Amino acid sequence: MAGSYTLITANRNYSSWSLRPWLLMKALGIPFEDRVEPFTKPVNWDEFRAFSPTGQVPVLLHGDRTIWNSLGIALYLAERHGGVWPQEEVAGAFAYSAVCEMHGGFSALRNQCLMNVGVRLEMPRMTRRWPRTSPA
Ligand SMILES: N[C@@H](CCC(=O)N[C@@H](CS)C(=O)NCC(=O)O)C(=O)O
């Protein structure tokens, strides 16, 4: 047993990579210390290298082990906890494919559409009533 988990992420409003293992651990009820290392400037690699071999987040600390990369963390957790991957083979095949496609692809989309969960949009006013689906 390597000890308890500490998950290091940046601000999860802006870092979808950080959000992934955080959501996974929350959804599976895996207890962890939630350590946030905020982005303080456009590039934080030098500071993040103090705890991350790549200078990036997310990072999972487990005893004296450091596990980096969101998919690396998911794979590590899957070795220790049920529910990370579907049990059923066809569902598992789909899940492996979809996860790898998401992890290794969509770079153009990622570059164009950065994540910002903190943005609040003002919706335009409705100018007409929507039809009802059931009688009033
Ligand atoms: N493929 C990596 C991507 C990690 C990544 O790009 N992390 C970004 C935050 S979203 C980072 O730490 N960047 C350092 C910086 O922007 O200063 C993973 O899955 O963990």
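Analyst: What follows goes through these features in turn. This is a predicted model, in which local features need pLDDT of at least 70 and side-chain atom pairs count only at pLDDT 80 or more, while totals for chains, interfaces and linings use all residues. Residues are numbered from 1 along each chain as its sequence is written.

User: Which strands does β3 pair with?

Analyst: Strands (E, at least two residues) and helices (H or I, at least four) are DSSP runs, numbered from the N terminus, and two strands pair if DSSP finds at least two bridges between them. Here β3 (residues 59–62) runs antiparallel to β1 (residues 5–9), joined by four bridges, with I8 opposite V59. Four bridges also link β3 to β4 (residues 65–68) in the antiparallel sense, and there L61 has T66 as its bridge partner. Two residues separate β3 from β4 in this hairpin, where G63 in the turn has a positive phi of about 60°.

User: What does L60 contact beyond its neighbours within four places in sequence?

Analyst: Contact requires C-beta atoms, placed from the backbone, within 7 Å; by that criterion L60 meets Y5, L7, P21, I67, I73 and Y76, once those neighbours are left aside.

User: Which residues come nearest to the ligand?

Analyst: A residue is near a molecule if its C-beta atom, placed from the backbone, lies within 6 Å of it. Of the 14 residues around the ligand, S15, W17, N44, Q56 and S70 come nearest, and the elements giving two or more residues to this shell are α2 (45–48) and α3 (70–78).

Technical notes. Contact = placed C-beta atoms within 7 Å.
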